[in-house]
Amino acid sequence: MKTAIKVIETLKEAGFQAYMVGGAVRDFQLGKIPQDVDVASSASPHQVKALFKRTVDTGIEHGTVLVLLDGEGIEVTTFRTDGSYSDNRRPDSVEFVQSLEEDLMRRDFTINAMAMTEQLDIIDPFGGKDDLKKQIIRAVGDPDQRFQEDALRMLRAVRFSGQLDFVIEENTVHSIQRHAPLIRTIAVERLKAELDKIFANPNTQKSMAYLKTSNLTAFLPAGFLFETDWTLYHPTGKSVYGWFYLLHKQNQPFSEVRDYRFSNEEKRLIEKSLELAKLEFWDQWTFYQYSIDQLEMASHARSKMLDPAAAKKRLPIQSKSDLAASGLDLMRWSGDRSGPWLKTWLEKLEKKIVYGELENDKELIKDWFLHEYHRHT
Ligand code: ATP
Ligand code: MG
C-alpha cells in the first residue's frame, strides 16, 4: 500500500485526482493486507506514462497503465464508465469520465465500490462500509441491470460469498436466479477463473450452496457436477483440488470438465490423481511412479492420510537416472544389441531396486542381471 500511496502523491502533485479503489479498499477495512492495490485517477493513460519512469501498457484501451515502482506494480486506471453492453459480457467501449463517483458507479458490488485517499479517508457513495459491517454482498444500483450488463458478476457474487464468508443480499440473489441463463454468454476462461477462486478459498461449501440455489449450476458447462456433496471438501488453497474433488466424488472422467480449457499441467495433475485415487493399494512402486502433487491430491480422497514426500524420500531411487546401471551396461554385459528386450529388462531392474529387493550397486546389479538374463534366454 505504501507504493500505491507514493503513486497517488505523484499524481496529485501533478494536479490530478487519484484514489485507491476496489478490492484493496475493501480488504484494508476488513483488516487484511491488500495484495494488489489499484489506483483510479483523472489522469489519462498518456499523462500517467509521462509521470513515471517505468510503466507497462497492460490495457491502454481500457485506460489502464501499470506503474512499476519500488519492485511493485500498481495499476493506474483512468476514471471511466463501461459504455454500453450489448451482449451481457464486455462493454462495447469504455468512456473516460471526470469524476470518481461515476467510476465507482460502474463497479459490481457496494463493498467493491469504495475509494480511499492517501490519508486513508474512505469515499463511500453506495453504503459499502455498512454492507461490510453487515457482511453482505449487494449489487450497486439495480441488480437486474447490473447482471444484464455483465453476467459474470453473478458468479463473482457467488465467489465473494465464499472468499469473504458473506451472505448475498436477497434482491441480489433473486436477480441472479432470474438471470442465471445469461451465464452462458460468458467466455469459459472468465468462468474458470472465478471457479478456480471458489475452489481455492476456505469457504467453497458456501459458494457452492449459492451456486445451486441461485440456479447457476443449470447453465454452467458441466454444471450438474458442482451439485456434489462438498461437506468433506477441505480447501488446500489449490484450485485444481476442487476440480479433482468433484470428479472423484462423482466418479467422472476428466473429459467431463474439459470445456473449461485447462492447461496441460492442470489436466495431467487431475487425471493422474483420479487414476491414483482409484488404486486400492499403494506400495513403493506407486510412490515411485507418481509425483508428490499427484500423491497429495489423491491422498485427500482416501481415509488414510499420509505424507507422500516422506514416503518418496524413503525410496532407494527417485527416478531412472538414479539407477547405478544403464541400458548401455546391460548391452555390454549381455553382448546383445539394442532391442525391445532392453526396455523390458531395464523396467525389471527398476522395479527390483524400488522394492528394495536388490541394492542399487553396479557390481550387484551385474551379478543379478547375468544370472537372470541367461536363465531367461
Ligand atoms: P480480489 O481480492 O479477488 O482481487 P477484487 O475485488 O480486487 O478481488 P478484481 O477482479 O481484482 O476483484 O477487480 C478489481 C475491482 O474492479 C473490483 O473490486 C470491482 O470494483 C471492479 N470489477 C472487477 N470486475 C468487475 C465486473 N465484472 N463488473 C464490475 N466491476 C468489476
Ligand atoms: Mg484484485
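User: What makes up the largest nonpolar core, and which residues have the most contacts inside it?

Analyst: A nonpolar core is a set of buried Ala, Val, Leu, Ile, Met, Phe, Trp, Tyr and Cys residues joined through C-beta atoms within 7 Å. The largest such set here has 83 residues. Those with the most contacts inside it are Met-20, Val-39, Ala-115, Met-154, Ile-183, Leu-216 and Phe-244. In soluble globular proteins, nonpolar side chains tend to be buried together. This is a predicted model, in which local features need pLDDT of at least 70, side-chain atom pairs count only at pLDDT 80 or more, and totals for chains, interfaces and linings use all residues. Residues are numbered from 1 along each chain as its sequence is written, while chains are lettered from A and ligands numbered from 1 in the order in which they are written.

User: Which residues is Phe-244 in contact with, leaving aside neighbours within four places in sequence?

Analyst: Contact requires the C-beta atoms of two residues, placed from the backbone, to lie within 7 Å. With those sequence neighbours left aside, the partners of Phe-244 are Ile-270, Ser-273, Leu-274 and Met-297.

User: What makes Trp-341 buried, exposed or partly exposed?

Analyst: Trp-341 has 16 other C-beta atoms within 10 Å, and therefore is partly exposed. It sits in helix α17 (residues 340–354). Trp-341 and Glu-149 are 65 Å apart, C-alpha to C-alpha.

User: How do you know whether Tyr-210 is buried or exposed?

Analyst: There are 24 C-beta neighbours inside 10 Å of Tyr-210, so it counts as buried. Tyr-210 is part of helix α10. It touches Val-158, Ser-161 and Ile-168, not counting residues up to four places away in sequence.

User: Why can the buried residues of α9 be said to line one face of the helix?

Analyst: The buried residues of α9 are Leu-191, Leu-195, Ile-198 and Phe-199. Seen down the helix axis, they fall within an arc of 95°, so they line one face. The arc is that of the directions from the helix axis to the C-beta atoms. These residues pack against α7 (152–164), α10 (204–213) and α11 (239–249).

User: How do you know what span helix α12 should have?

Analyst: The expected span is 1.5 Å times one less than the number of residues in the helix. For the 15 residues of α12 (residues 264–278) this should be 21 Å, and the end C-alpha atoms are 21 Å apart, which agrees. Leu-269, Ile-270, Lys-272, Ser-273, Leu-274 and Leu-276 are buried in α12. The buried residues of α12 pack against α11 and α14 (292–299).

User: Which residues are around ligand 1, and how many are nonpolar, polar or charged?

Analyst: A residue is near a molecule if its C-beta atom, placed from the backbone, lies within 6 Å of it. Around ligand 1 are Gly-22, Gly-23, Asp-38, Arg-107, Asp-108, Asn-112, Ala-113, Asp-150, Leu-152 and Arg-153. Ala, Val, Leu, Ile, Met, Phe, Trp, Tyr, Cys and Pro count as nonpolar, Asp, Glu, Lys and Arg as charged, and the others, Gly among them, as polar. By that scheme, the shell holds two nonpolar, three polar and five charged residues.

How values were computed
Buried ≥ 20, exposed ≤ 12 C-beta atoms within 10 Å, placed from the backbone. Helix = DSSP H or I, 4+ residues; strand = E, 2+ residues; numbered from the N terminus.
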